[in-house]
Amino acid sequence: MSDTFSFTLNGQQIETDGSRSIWELAKEQGTTIPHLCYTDRPGFRADGNCRACMVEIEGERVLAPSCMRKPSEGMVVTSKSDRAEKAQKMVMEMLISDQPERQESPDPESHFWQMADQVGVAQSRFDRGRDGDLGDITHPAMNVDLNACINCDLCIRACREVQANDVIGMAARGFESKIVFDFDDPMGDSTCVACGECVQACPTGALQEKSWLAPSKIDRQVNSVCPFCGVGCQLTYNVADDKIISVEGRNGPANEERLCVKGRFGFDYIHNPERLTKPLIRKEGVSKSDIATLDPANPYTHFREASWEEALDLAASGLMKVKAEKGPSGLAGFGSAKGSNEEAYLFQKLVRTGFGTNNVDHCTRLCHASSVAALLETVGSGAVSAPFNEAENSDVIIIIGANPTINHPVAATFFKNAAKKGAKLIIIDPRKQALSRHAAYHLQEKPGTDVALLNAIMQVIVEEDLVNQSYIEHSTEDYTQLKAHLAAYTPEAMADKTGIAPDDVRAVARLFATAKAGIIFWGMGISQHVHGTDNSRCLISLALLTGQIGRPGTGLHPLRGQNNVQGASDVALIPMFLPDYQSVEDPVIRGKFEDFWQTKLDPVAGLTVVEITAAIHAKQIRGMYIMGENPAMSDPNVTHAREALCMLDMLVVQDLFLTETAAYADVILPASAWPEKNGTVTNTNRQVQMGRAAVALPGDARQDLWIIQEIANRLGLDWNYEHPSQVFAEMTQVMDTIKGISWDRLEAESSVTYPCEHADDPGQSLLFTDAFPTATGRGKFVAADLIAPDEVTDRDYPIILTTGRLLEHWHTGSMTRRASVLDAVEPEPTVQMSPAMMENMNLQSGDFVDVKSRRGQLRIRARSDSAVQQGMIFIPFCYAEAAANLLTNDALDPIGKIAEVKFCAVQLEKSPTS
Amino acid sequence: MFDQTTVAPGKAKKNRKSRYKPRGRQPSNRAIEEVKQIFAGKALHKDLLIEHLHRLQDEFGFLGKDHLAALADLMRLSLSEVYEVATFYHNFRVFDSAEEAPRLTVKICDSLSCSLNGSAALAQELAQTYDGGAIKVTHGACMGRCDRGPIVRVENQYIAHADPSTIQATIDKALAGEVPAVGELDHVSYADYCAQGGFNKLKELYAGKLATDNVITSIEESEHRGLGGAGFPHAMKLNSVLSIPGPRLMAVNADESEPGTFKDRYYMNSNPYQFLEGLLIAAELVDAQTVYIFLRDEYPDTAHLLKTALSTIEIANLTNGRKIELRRGAGAYICGEESAMLESIEGKRALPRQKPPFPAHVGLFGRPTLINNVETLYWLPEILTKGADWYKQGTDNGRQGFRTFSLSGHVKTPGVYKVPAGITAQELIDDYGGGMKEGHTFRAYLPGGASGGMLPASMADIPLDFGTLEKYGCFIGSAAVIVLSDQDDLKEACRNVMRFFEDESCGQCTPCRVGTTKALALMAREKWDQPLLLELSDVMRDASICGLGQAAPNALLCLMKYFPEELV
């Protein structure tokens with residue numbers, strides 16, 4: 001505790017350490033000094049421009065802004081003197097003169113009008129001085145009405161300093177100064193990414209959600225967590241008439257009140273008319289391959305409504321029939337990383353104890369399976385070693401094979417914050433991205449050359465003796481092998497492969513190795529390769545070599561994709577592990593679970609996602625239960641996957657919509673959306689967080705947990721879980737990592753980090769501070785050789801295709817393409833390619849091109865984007881009408897069993913019809 | 001068959017335009033190439049934005065949005081970061097395209113001194129004759145040549161005592177592409193300055209013959225003050241900067257923009273080396289790593305001269321390894337406020353910073369920074385050479401030191417006058433200004449430009465210095481004395497001053513941004529609502545962030561107080 005002193009505020013003696021402003025101290029004393037441009041929300045700096053919070057300080061010539069001013073010893077301050085109050089009122093009066101009439105203003109209940117009420121000013125004696133057309137309704141999600149703007153600049157701080165998107169600025173000056181987007185462009189045409197931070201910050205309603213309703217018309221607010229990416233942003237739903245009207249960021253450990261476009265504006269998919277509300281059964285005689293005319297808006301061409309009894313009975317009996325004919329291994333299940341931990345746990349328990357097989361997997365296989373494999377092998381733990389928020393303590397940050405402003409937008413804001421504060425950002429990715437502008441280095445390598453580049457970086461570190469020798473000695477093993485292996489990988493030797501100049505490789509190597517605290521983030525660009533495990537091994541070696549792990553600001557962080565991919569993996573929605581990554585093939589462990597679940601378990605690891613497709617083609621698997629996954633869009637070489645789905649004797653799909661996968665189902669079970677259920681999810685930071693139901697289920701849709709249990713019981717299991725809390729309690733009995741977490745604790749705290757040993761344990765956010773959870777306690781170096789991508793370019797297929805996401809669309813688009821704002825912002829599939837390549841092909845923006853690989857083809861419009869390098873194209877995989885996975889390669893990484901969807905060879909032609 | 005799937009879910013495609021390019025405005029290939037070429041090999045630090053905007057505008061005559069987008073990309077700035085700076089400063093002209101941009105911009109100075117010399121009528125005439133199409137006729141703020149008004153600026157040429165015929169000739173030539181080279185100024189040359197003992201004190205300081213402490217003590221004894229307007233004791237400022245560990249920086253405020261002020265220009269143009277010696281002495285005293293000279297855009301002749309002088313002292317090895325950067329302002333009175341100037345040097349909009357912390361401690365790029373005005377530095381070599389006692393001898397009416405007055409308005413010989421501190425307005429007019437112009441009777445004067453208030457002739461016997469005028473609601477500021485006569489409309493003079501502040505307000509804080517415009521609206525009325533004006537003025541003075549808003553109502557308040565007859 002630093003020294004304290006006292007000062008006087010409104011006649012009261014206050015002790016303080018001088019770190020907080022007069023405004024904050026006054027608030028603590030129960031006095032809310034009027035304020036407009038100030039907010040005490042996290043991440044917002046006081047700016048002191050509105051001058052509504054002026055206070056009088058004895059002995060000073062002029063008044064002082066209480067939001068900025070910190071008291072000093074003996075200072076005598078009053079916020080209630082005539083002089084101070086005169087200023088507070090006059091500021092409001094000046095601003096009111098240029099406001100619309102209160103009842104006609106965008107938000108008559110706004111903070112601004114509340115402050116006007118507080119100081120007792122309702123009218124102005126000044127004439128209105130503002131004119132012109134100040135409205136802008138061009139954005140699908142937000143309206144601008146600068147008539148209500150008070151130039152407080154909170155939106156600029158929100159856009160520039162909090163989210164670091166740098167779109168909003170203040171143009172011109174003086175009374176003419178005004179809020180602009182980019183070059184005073186319409187908001188809808190600007191670089192705005194619609195995070196909505198400005199809307200949440202605006203005190204007047206000048207910036208407002210299109211869906212806005214007055215606070216007095218909101219029925220209830222429900223605290224929950226975002227269902228989209230792995231960042232795990234906490235949020236609050238504003239609900240009216242049992243509909244989610246708007247969403248606000250809440251102060252969770254991962255997001256600190258920030259949200260992105262999906263978390264802010266992406267929730268009306270749950271109210272979409274295409275939502276399934278009745279169980280459906282395939283009509284007699286309708287072929288599964290008859291798909292093209294099936295419209296998810298009207299499933300009744302192919303399916304008929306059924307009662308829950310009928311649908312569940314048919315599903316269960318169909319699956320039992322397969323089991324009877326083919327044995328347990330004739331069945332498989334795909335669970336979901338979109339649901340709760342409780343659902344994932346019960347789903348895998350159902351497959352293991354009801355089906356009797358380990359054939360259970362989920363989209364982690366297409367995500368970070370290779371990263372997890374490498375991490376388990378080398379450092380003994382598959383999760384991140386530090387939360388991404390540790391970036392604020394790092395001075396060098398590597399982001400490789402990831403595009404966080406698109407895929408982890410809120411995490412990216414913290415990276416940008418760190419860069420703006422002076423941390424050096426190193427981006428390594430074949431494509432440019434929004435973070436490149438903030439980066440000290442962007443190594444725009446050739447696709448698929450990560451091992452070459454990373455080995456070269458490590459070679460420099462070894463060669464120049466920048467290794468952390470004592471760390472290597474005390475905490476690692478097999479360094480000698482790595483050192484010998486690296487010798488050949490000089491930056492010069494690798495330059496042709498990677499396309500990166502040796503000087504840049506050296507500079508980056510030195511920067512990272514000599515950093516006080518360096519941290520590494522990676523994404524699918526690392527994992528989705530046949531050498532994905534090798535890519536991750538290199539990153540792990542890089543961290544071990546430099547000792548950049550186990551301290552604040554250091555670590556290894558694979559940015560997890562789905563909101564609950566961490567949790568779903570933890571609870572064993574994967575074929576080779578039981579909960580907490582305990583091997584199914586270890587008889588001791590298996591025995592423990594057999595006792596706990598009171599049933600025999602399959603002793604052999606099950607099949608993974610792509611292997612299951614192959615097994616269906618091989619007629620080994622005949623029945624599947626798929627909950628909330630969409631392999632008919634997400635699987636590589638998706639034609640092959642769709643064909644497999646078509647071949648099944650019994651396919652049960654449980655989902656919100658008639659997805660491309662559900663189109664092949666025998667039985668479709670209408671399930672619950674995230675805002676309709678209670679449950680926990682685990683984000684990329686290992687934070688277990690509480691999700692709460694905000695609205696009722698539509699029609700006859702049911703809770704997923706209930707559906708799983710109904711199926712289980714029809715398979716002969718005698719389950720009786722009445723509430724997710726009972727499932728969670730069961731999980732804590734078999735998962736040591738979360739044994740200190742309870743449902744009640746999560747209800748109270750909303751978020752607890754694991755490993756968490758007991759009820760008072762705050763949870764361990766930094767791992768490997770002392771040792772690694774490996775047999776030797778040491779981290780292991782595993783050298784990686786160069787392996788070419790499975791399918792390299794040639795004369796017939798000369799162009800590299802890489803795939804990924806768009807900011808607005810989640811995964812296969814089943815939710816986000818039904819969210820009106822997200823759909824409006826990115827309504828159509830495009831292939832992104834460099835302007836030079838378009839010129840060579842004589843293509844105009846928007847022209848159709850035909851893209852063809854050895855596995856399939858599609859027609860798509862061209863989008864010019866200089867972020868993509870020559871010889872390469874990018875297609876997002878969320879569009880059913882031009883599914884990128886028709887083209888992708890299903891070759892697998894031999895260890896992680898992840899498919900190489902980041903790299904395949906294609907040919908490209910201007911479409912004759914365009 | 002399996003390349004087909006169900007009808008796709010997205011519905012918005014039907015009624016919304018798809019996007020076939022990256023989000024937001026994209027520069028054309030041509031603009032990218034042009035901008036790349038212009039800045040090839042040039043540093044691209046963020047703080048150079050204003051310099052680079054000048055470069056673009058010099059090249060194309062205006063700032064096209066396409067080029068601005070390309071520049072943003074090249075400098076790795078966001079679009080808004082570039083746009084807000086480009087639109088903040090008066091002298092940048094942003095247009096969508098060349099078709100919209102005029103070929104020539106003609107600005108008539110409308111500050112009080114020039115308006116006393118008939119600039120309003122001239123502006124009207126020029127607007128009628130030329131405005132529209134290829135030529136844009138508009139107003140400009142004080143151009144620092146107030147002894148020779150009215151001043152008209154045609155692009156980068158400044159025409160003194162402008163009349164329609166000289167303007168016609170200048171415009172014709174400019175349209176024909178004939179632009180005269182920047183004129184050489186008659187000044188004390190490097191050789192002459194050295195011959196007079198110039199740079200001796202600096203060399204002694206470098207050689208250790210003069211100790212820093214002793215120099216600062218001498219300055220303290222001389223009671224030398226900052227002469228940019230605030231009059232802060234110079235030695236105290238030096239010590240304040242020195243109290244924070246380095247590396248330190250120095251910024252020189254050569255942005256005198258207070259209407260009626262043209263003394264810094266006089267010193268730089270007539271004796272640049274004495275100014276630079278003062279600069280180097282101060283830089284050495286605080287061990288400043290880099291010195292930034294922030295020169296107003298309106299002084300291209302001075303810029304030309306200083307560039308030569310800077311390379312001369314560089315060659316003569318007088319900088320002691322210090323980097324001296326000449327930065328070009330872009331037209332913003334607010335840059336006279338020291339922290340706003342720092343923001344501008346950092347390449348941003350010139351918004352004054354909140355204090356504390358003070359720039360001496362947390363200044364340019366967050367470093368401790370010595371900020372001095374040109375004249376403050378100009379005196380240093382002379383004080384050190386001739387001694388503190390010599391400087392203190394400059395006295396009048398009990399005041400000490402020398403002051404440099406910029407005298408304008410209805411006097412016979414307006415100009416820059418170096419006089420003992422404490423002189424009265426009456427003495428200044430009579431002894432230096434040659435008395436009132438024919439046909440004019442002394443009525444009122446503004447002792448410190450637009451911001452220092454206004455006093456009646458009956459109060460012209462007050463010594464003019466720091467601290468002597470405050471009790472009358474006035475201050476000396478930059479010592480710009482503007483003399484009004486019985487021919488002038490004092491209400492209009494006050495409106496002129498308020499219009500100036502409204503135009504120059506940076507817009508950051510409510511009392512100044514909104515207050516100046518509301519005050520102006522109230523002052524435009526036939527009958528003034530004096531209680532409301534008074535109330536508004538009180539809050540502007542009390543609650544504005546910087547001196548601009550705080551001083552904006554001074555003239556208005558003086559009018560209500562000392563000239564009640566004007567408001568009957």
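**Notebook: strands, helices and one arginine**

I began with the hairpin that β12(A) and β13(A) form, which has two residues between its strands; D241(A) in the turn takes a positive phi of about 50°. I am working on a predicted model, in which local features need pLDDT of at least 70, side-chain atom pairs count only at pLDDT 80 or more, and totals for chains, interfaces and linings use all residues. Residues are numbered from 1 along each chain as its sequence is written, chains are lettered from A and ligands numbered from 1 in the order in which they are written, and side-chain values use heavy atoms, with hydrogens and water left out. Helices (H or I, at least four residues) and strands (E, at least two) are DSSP runs, numbered from the N terminus.

**Entry 1: strand β12(A)**

I looked up the pairing of β12(A), where two strands pair if DSSP finds at least two bridges between them. β12(A) and β13 (residues 243-249) of chain A are antiparallel over six bridges, and A240(A) has K243(A) as its bridge partner in β13(A). Strand β11 (residues 220-225) of chain A is also joined to β12(A) by six bridges, again antiparallel; here S224(A) stands opposite L235(A).

I then checked burial (buried is under 20% relative accessible area, exposed over 50%, partly exposed in between, with a 1.4 Å probe and protein chains only). Seven of the seven residues of β12(A) (residues 234-240) are buried, so the strand is largely enclosed by the rest of the structure. On one side I find Q234(A), T236(A), N238(A) and A240(A), and on the other L235(A), Y237(A) and V239(A).

**Entry 2: the seven-stranded sheet of chain A**

I traced an open sheet in chain A with the order β15-β14-β28-β27-β26-β16-β17 and mixed pairing. β15 (303-305) and β17 of chain A are at the edges with a single partner strand each, so one side of each lacks a neighbour in the sheet. β26(A) pairs in the parallel sense with β27 (residues 650-655) of chain A over five bridges, and I626(A) has V653(A) as its partner in β27(A). Helix α24 (residues 704-714) of chain A packs on this sheet, touching β26, β27 and β28 (667-670) of chain A, and its direction makes about 160° with that of β26(A). For such angles, axes are lines fitted to C-alpha atoms, for helices over the stretch in contact, and angles run from 0 to 180 degrees between N-to-C directions.

I also looked at helix α21 (residues 609-617) of chain A, whose buried residues include V609(A), I612(A) and I616(A). Their cover includes β16 (331-334), β17 (360-361), β26 (623-627) and α23 (638-647) of chain A. Just after α21(A), K619(A) has a positive phi of about 65°.

**Entry 3: R173(A)**

I located R173(A) in the loop between β8 (168-171) and β9 (178-181) of chain A. R173(A) is buried, at a relative accessible area of 7%. Its side chain reaches the backbone oxygen of F88(B) at 3.4 Å. Beyond neighbours within four places in sequence, its contacts (heavy atoms within 4.5 Å) include Y89(B), H90(B), D503(B) and E504(B).

**Entry 4: helices α12(A) and α14(A)**

I found that the axes of α12 (residues 450-463) and α14 (residues 479-486) of chain A come within 9 Å and cross at roughly 105°. The two helices are therefore roughly perpendicular, a term for angles of 65 to 115 degrees (under 35 is roughly parallel, over 145 roughly antiparallel, the rest oblique). N455(A), M458(A), Q459(A) and V462(A) in α12(A) meet Y479(A), K483(A), H485(A) and L486(A) in α14(A).

Note on methods
A polar contact is a pair of N or O atoms within 3.5 Å; within protein, one must be able to donate a hydrogen and the other to accept it, and residues adjacent in sequence count only if both atoms are side-chain atoms.
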